[in-house]
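Please look through the sequence and the 3D structure shown here. The paragraphs that follow lead through them one part at a time.

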Amino acid sequence: MKLRLASFDTLIDINGLHDELSYIRHEGDEVRIGALTRHRDLLESQELFTLFPIFRDAEHVIADPVVRNRGTLGGSLCQADPSEDLSAVCTALNASCVIRGSDGERVVSMEDFYRGPYETAVGDAEILTEVRLPVRPGGSSAYRKVERRAGDWAVTSSAAAVWMSEGKITDARVGLAAVGPNTTGIPAISELLRGQAPSDELFSRAGALAAEACTPAQDLRGTVEYKRHLANELTKRALNASVERINEQGA
Ligand SMILES: Cc1cc2nc3c(=O)[nH]c(=O)nc-3n(C[C@H](O)[C@H](O)[C@H](O)COP(=O)(O)OP(=O)(O)OC[C@H]3O[C@@H](n4cnc5c(N)ncnc54)[C@H](O)[C@@H]3O)c2cc1C
């Protein structure tokens, strides 16, 4: 509203739902996070850090403590800003979004959640209530971001999640922020990495795919070429950091 991207006759403050929709619950093979969970809670949750260290990586570099004390996971995803850090995180973690309206509830993947910049699948009479993250064994994750100054939006960032068994990658997902109209996964990277043993050469090829797949625009934050370079380099680093964390768990 401040940017005059939208104006409304009526504004509903959903902070009254905070008690109901602010939680981080690990149940079985899933973590459920209420849409009104604030950045600060995502940053400080030890349980989330243990399962998905990528959240703490990202939260450390989102805005500043004032914003993190008030901003929510749901607000971040629903803002659908192409530079939004948590969208890349949720994409890498293969999250699904629970949308509720007077007609009931539906669950959509991150791929289906975004309709375009600043546009989501949430309808006029609906809200996002929960984000669900599958918990799979042998996995870890990492987030790497370049920003112009501390707390700024990303010039480019890369979110990676990797799952391994017996020295081989069983699955991997990468999401990029700030280099296209939406944050979406890069299936070609997942296909490249599945079944392979991690190596510098393999992750260099994954970085090259990230640079190829993104569609950055030149702006005050950098040139197209610079952002593609960052997509490449940050993807390599996020994948390497994920694998290092998996190895530490096994140590
Ligand atoms: C100075 C500043 C710096 C920032 N820097 C960063 C940064 O570096 N990285 C980053 O990722 N983000 C950054 N942000 C954004 C920040 O992460 C906010 O948390 C985010 O904008 C959402 O705020 P909010 O939860 O208050 O949602 P709001 O601003 O209240 O809402 C955002 C949009 O989502 C809708 N909405 C909110 N909740 C729901 C819901 N549950 N269901 C349906 N629709 C909903 C609202 O109607 C609105 O359209 C920054 C923000 C500021 C002000």
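Predicted model: local features only at pLDDT ≥ 70, side-chain atom pairs only at ≥ 80, totals over all residues.

In which loop does Pro53 lie? Pro53 is in the loop between helix 3 (46–51) and helix 4. Pro53 is partly exposed because 17 other C-beta atoms lie within 10 Å, and a residue needs 20 or more to count as buried. Leaving aside neighbours within four places in sequence, Pro53 is in contact with Ser140, Ser141, Ala142 and Arg245. One of these, Ala142, is 89 residues apart from Pro53 along the chain, yet the C-alpha atoms of the two are separated by 6.4 Å.

The domains come next. The domain assignment of the protein gives domain 1 (17–134) and domain 2 (139–249). Taken over C-alpha atoms, the centres of domain 1 and domain 2 are separated by 20 Å. Where the domains meet, 23 residues of domain 1 are in contact with 26 residues of domain 2. On the side of domain 1 that touches domain 2, helix 4 (54–60), helix 7 and strand 5 (114–116) are the elements that give two or more residues. Helix 7 gives the most to this side, with six residues. By type, the residues of the side of domain 1 that touches domain 2 are 13 nonpolar, five polar and five charged.

How many of the residues of helix 7 are buried? Eight of its eight residues are, so helix 7 is mostly covered by the definition of a buried residue. The buried residues of helix 7 are Asp85, Leu86, Ser87, Ala88, Val89, Cys90, Thr91 and Ala92. Just after helix 7, Asn94 takes a positive phi of about 60°.

The ligand is surrounded by 21 residues, and Ala63, Gly71, Gly74, Gly75 and Cys78 are the closest. Helix 5 (65–70), helix 6 (73–79), helix 7 (85–92) and strand 7 (126–134) each supply at least two residues of this shell. Helix 6 accounts for the largest share of the shell, five residues. Sorted by type, the shell around the ligand holds 10 nonpolar, seven polar and four charged residues.

Strand 3 (residues 96–101) and strand 4 (residues 104–109) pair in the antiparallel sense, over six bridges. A hairpin joins strand 3 to strand 4, and the link between them is two residues. Within this pair, Gly101 has Gly104 in strand 4 as its bridge partner. Strand 3 also pairs with strand 7, again in the antiparallel sense and over six bridges. Here Ser96 stands opposite Arg132 in strand 7.

Another hairpin is made by strand 1 and strand 2. Strand 1 (residues 24–27) and strand 2 (residues 30–34) run antiparallel, and four bridges join them. Which residue of strand 2 stands opposite Arg25? Arg25 stands opposite Arg32. Two residues lie between the strands of this hairpin, where Gly28 takes a positive phi near 60°.

Helix 10 (residues 200–213) has 14 residues. From its first C-alpha to its last, helix 10 reaches 20 Å, close to the 20 Å expected at 1.5 Å a residue. Its buried residues are Phe203, Ala206, Gly207, Leu209, Ala210, Ala211 and Ala213. These buried residues of helix 10 pack against strand 9 (154–165), strand 10 (168–177), helix 9 (187–193) and helix 11 (224–250).

Helix 11 contains Val243. Is Val243 buried or exposed? Val243 is buried, because 20 other C-beta atoms lie within 10 Å, and 20 or more is the number required. Leaving aside neighbours within four places in sequence, Val243 is in contact with Val162 and Pro198. Val243 and Thr10 are 233 residues apart along the chain, and their C-alpha atoms are separated by 48 Å.

Conventions. Residues numbered from 1 in each chain as written. Near = placed C-beta within 6 Å. Nonpolar A, V, L, I, M, F, W, Y, C, P; charged D, E, K, R; others polar. Expected span 1.5 Å × (residues − 1). Buried ≥ 20, exposed ≤ 12 C-beta atoms within 10 Å, placed from the backbone. Contact = placed C-beta atoms within 7 Å. Domains from an automatic or database assignment. Pairing = 2+ DSSP bridges.
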